[in-house]
Amino acid sequence: MIEGGIRGILLYELKRDLRKKGIVLILVFTALPVIAAIAMKALGVAVDEERLWAVMMGFDIGAGAASGLVAGLGIAGWAWLVAVVYGGDLLASDLREGGYRLIAVRPVGRRGYAAGKMIALAAFLVVAFTAAGAAVAVAATLVGGPQSKAWMAPLLGALIGLGSLQIALLASAFGALTRNPMTGFILGAAVTLLTGAAVGLALGVVVLRDPFSVESWRRYYELTILASGAIPILAGPTLPSIIYYLVEFDNTFIPLPLPLVDDPETAASLVELSITPAEVLPLYAASTIAGTLVLAYMNYRIALRVEA
Amino acid sequence: MALAEVRELSKRYGRRTAVQGVDFDVEEGSIVALLGPNGAGKTTTIKCLLGLARPDSGVVRVLGVEVKGQLPRDVAAKVGYVPETPEAPPWLTPCELLEYLAMMEGVSSFEARVLARKALALMGAEDLCGKRLGSLSKGERKRVLVAQAFLQPRSLYVMDEPLAGLDAEWVAETRRLIVSAARGEGAGVLVSSHLLREVEDLADSVVVLRQRLLYRGPLEGLLEALSRSNRVVVETPQAKEAVVALRERGFRAEMIGGRSVAVYNSTVEDVVDALRGRVRIDGVRVEKPSLEEAYLALVRGEGLD
């Protein structure tokens with residue numbers, strides 16, 4: 001009986017996910033890096049052809065400004081936006097549009113409702129980003145020729161979906177508490193963006209005392225990676241890129257740019273990090289899992305307590 | 001047997017009292033009308049009964065089981081609910097909504113599809129099956145919401161203003177469904193309305209609310225009490241002053257137009273006596289209010305004698 005009830009909730013929610021205008025957002029954002037890569041190729045601009053899929057996923061900035069532009073449009077970069085769009089009204093739309101009161105009085109109950117909605121959202125995000133990753137892998141092969149480990153794209157896409165679930169759940173909690181999907185969307189987006197900005201800014205102030213020093217930048221980058229790993233909503237969407245560096249670059253982070261360093265002795269433009277992806281992977285994984293569970297529990301409690 | 005029991009139910013929203021000390025039962029095979037003006041606490045009472053809202057105090061039982069936070073699973077399958085406002089998930093079609101709701105009641109997807117179409121047919125909504133709920137009119141959505149309560153036979157139907165927003169044809173059909181559920185299947189039906197005339201030929205008993213319980217008992221009792229009501233209408237250019245003067249003396253008085261004051265359940269002599277020397281009286285007459293007017297007087301706080 002419970003399985004039947006949850007199946008009803010799953011179908012109800014998946015239908016909502018598929019019919020939301022947000023699906024257009026996913027299609028557009030998946031197409032953007034593909035179009036950008038095709039355009040670069042057509043214009044004869046150099047892109048990292050062997051790892052074009054990773055650039056299009058947003059994991060790797062490749063070589064040169066053109067690659068950087070494609071990477072800026074990469075899937076990992078906009079996952080948070082899809083998450084807040086889908087999360088903001090996860091519970092709020094039902095509270096507003098009458099679905100909740102029809103479901104909460106049925107045998108599936110509030111527990112089944114909360115569980116079913118979250119499972120459906122997780123499944124949708126995983127499938128959507130897996131498909132986006134697969135589309136990127138195919139497009140990268142067609143545009144850039146044979147790819148290095150492009151099989152990882154759909155798998156890491158699935159992980160992006162799972163990693164961004166907690167951002168969706170954060171937006172959902174805001175939306176449910178205010179009974180307003182738009183507030184959920186805005187607050188979810190604001191908290192996600194401001195948290196990332198706050199980490200960068202705070203560490204910049206504390207660590208980058210000497211912005212012309214290579215060592216300062218190394219410490220800044222390493223602490224940013226560690227701090228982001230400790231904050232679930234930042235760790236989740238970044239986790240797939242950590243795995244990418246672990247697998248593709250033999251457990252090293254690619255050297256990162258030094259924006260203000262102009263040292264004639266070293267003539268350095270990039271800095272290599274001393275921490276490795278394998279060292280931070282447990283932190284990112286634990287943070288993502290813990291954050292997802294805590295936010296899922298919050299949503300569950302809200303669904304149990306809210307009055308229709 | 002009481003299918004629904006409400007005892008000393010009280011609920012506040014912040015500082016506002018929604019309902020206080022409300023008591024009533026819904027028995028097998030009976031239709032109970034929950035009457036009251038807008039804001040009287042009818043919807044709050046229904047939500048507490050269904051576990052959609054938590055009472056601050058009091059006890060609510062459905063099919064003999066106390067409702068704490070939500071309807072117990074085995075009870076929920078036996079309760080049909082029609083919400084007050086015609087809001088429904090706009091991204092679904094009526095067929096999808098009813099099918100998924102039926103699945104949430106534990107039936108197979110095949111059976112759910114059959115039940116959904118049968119229920120929609122009860123309200124003549126088969127032709128709406130494939131249209132998005134968001135594109136339907138309020139009346140059409142209300143028909144769908146009435147239909148979903150009848151997905152399966154129930155022991156108890158709780159309907160919050162089920163006739164509001166329906167056109168005459170579907171008001172009649174919904175009434176027929178309500179009567180058939182109670183008289184034919186022996187279900188208990190609680191149906192709320194803010195209009196007496198909507199339920200006067202439907203209900204067996206009536207619960208009249210205005211935050212507190214104003215009347216509870218057989219419909220005939222209410223109608224008889226209301227039919228005994230009279231009102232003395234005073235014509236005066238000082239209507240406001242007259243209302244103040246009458247209320248100071250304990251009369252139930254209200255302005256009806258700029259130059260008239262209605263005084264309920266009193267005599268011409270008493271009213272004239274109370275106004276003598278206070279306001280100019282141009283004329284006095286005794287009126288027999290209609291049942292609806294008497295009911296409105298009751299729920300506005302004038303009460304029954």
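Reply: B:Arg231 stands opposite B:Glu287, a residue of strand 14 of chain B. The model is predicted, so local features need pLDDT of at least 70 and side-chain atom pairs count only at pLDDT 80 or more, while totals for chains, interfaces and linings use all residues. Residues are numbered from 1 along each chain as its sequence is written, chains are lettered from A and ligands numbered from 1 in the order in which they are written, and side-chain values use heavy atoms, with hydrogens and water left out.

Five bridges pair strand 11 (residues 231-235) of chain B with strand 14 of chain B in the antiparallel sense; two strands pair if DSSP finds at least two bridges between them. Strands (E, at least two residues) and helices (H or I, at least four) are DSSP runs, numbered from the N terminus.

The sheet is open, with four strands of chain B in the order 12-13-11-14 and antiparallel pairing. Strand 12 (253-255) and strand 14 (283-287) of chain B are at the edges; each has a single partner strand, so one side of each lacks a neighbour in the sheet. From one strand to the next, the twist averages 25 degrees.

Axes are lines fitted to C-alpha atoms, for helices over the stretch in contact, and angles run from 0 to 180 degrees between N-to-C directions. Helix 10 (residues 268-275) of chain B also packs on the sheet, touching strand 11, strand 13 and strand 14 of chain B, at about 40 degrees to the direction of strand 11.

Methods: Contact means heavy atoms within 4.5 Å.
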